[in-house]
Amino acid sequence: MIEDNIVRVGRDEAMSHLKPMLNGYRRFWNRVYIGVTASPEKRWAKHSRNGWAKMVLLYEAYRPDIAIDLERDLIDYAHRCNFLMPPDNINPGGEGIGNEQRYHYLYVLVGE
């Protein structure tokens with residue numbers, strides 16, 4: 001299941017919106033994972049096999065560097081928060097994203 005909860009603000013304002021959203025998801029779900037993709041449907045098809053309940057699209061970036069920066073910032077923030085469970089992310093973010101796509105989506109996976 002893919003849910004659209006895209007924040008429609010500029011890059012400089014994004015984190016002030018994304019952090020509270022992530023906090024809300026972390027409050028109600030036991031597992032979270034933060035990622036970036038140019039193809040949400042294909043990415044969800046891979047993630048859904050690993051027991052995730054849903055993918056929530058948080059931000060649409062028109063350049064890959066913006067998506068990578070926001071992903072890294074949000075992962076870093078999630079690791080520094082005082083939640084009981086850290087995010088499932090092992091790497092700092094930005095791996096495997098290409099420049100050939102026009103739009104990239106920052107997303108969060110949530111699960112039990």
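Reader: What makes both faces of strand S4 count as covered?

Author: In this predicted model, His104, Leu106, Val108 and Val110 on one side of S4 are all buried, as are Tyr105, Tyr107, Leu109 and Gly111 on the other. Buried here means under 20% relative accessible area. In a regular strand the side chains alternate between the two faces of the sheet.

Reader: Why is S4 described as largely enclosed by the rest of the structure?

Author: Eight of the eight residues in S4 (residues 104–111) are buried, and the strand is therefore largely enclosed.

Reader: How do you know that S2 and S4 are paired, and in which sense do they run?

Author: Pairing requires at least two bridges; S2 (residues 31–37) is joined to S4 by seven bridges, and the two run antiparallel. Within S4, leucine 109 stands opposite tyrosine 33.

Reader: What links S3 to S4?

Author: Seven bridges link S3 (residues 54–61) with S4, again in the antiparallel sense. Tyrosine 107 of S4 stands opposite leucine 57.

Reader: Why is H1 called oblique to H3?

Author: Helices H1 (residues 11–28) and H3 (residues 64–80) pack at about 45°, with axes 10 Å apart. Angles under 35 degrees count as roughly parallel and 65 to 115 as roughly perpendicular; the angle of H1 to H3 is therefore oblique. Their crossing is right-handed.

Reader: Which residues make this contact, and of what classes are they?

Author: Residues of H1 including Met15, Leu18 and Leu22 meet residues of H3 including Ile66, Leu70 and Tyr77. By class, the contact of H1 with H3 comprises nine nonpolar, one polar and five charged residues.

Key:
Residues are numbered from 1 along each chain as its sequence is written. This is a predicted model: local features need pLDDT of at least 70, side-chain atom pairs count only at pLDDT 80 or more; totals for chains, interfaces and linings use all residues. Side-chain values use heavy atoms; hydrogens and water are left out. Axes are lines fitted to C-alpha atoms, for helices over the stretch in contact, and angles run from 0 to 180 degrees between N-to-C directions. Helices (H or I, at least four residues) and strands (E, at least two) are DSSP runs, numbered from the N terminus. Angles under 35 degrees count as roughly parallel, over 145 as roughly antiparallel, 65 to 115 as roughly perpendicular and the rest as oblique. A crossing is left-handed if the near helix is turned anticlockwise from the far one by less than a right angle, and right-handed if clockwise. Contact means heavy atoms within 4.5 Å. Ala, Val, Leu, Ile, Met, Phe, Trp, Tyr, Cys and Pro count as nonpolar, Asp, Glu, Lys and Arg as charged, and the others, Gly among them, as polar. Buried means under 20% relative accessible area, exposed over 50%, partly exposed in between (1.4 Å probe, protein chains only).
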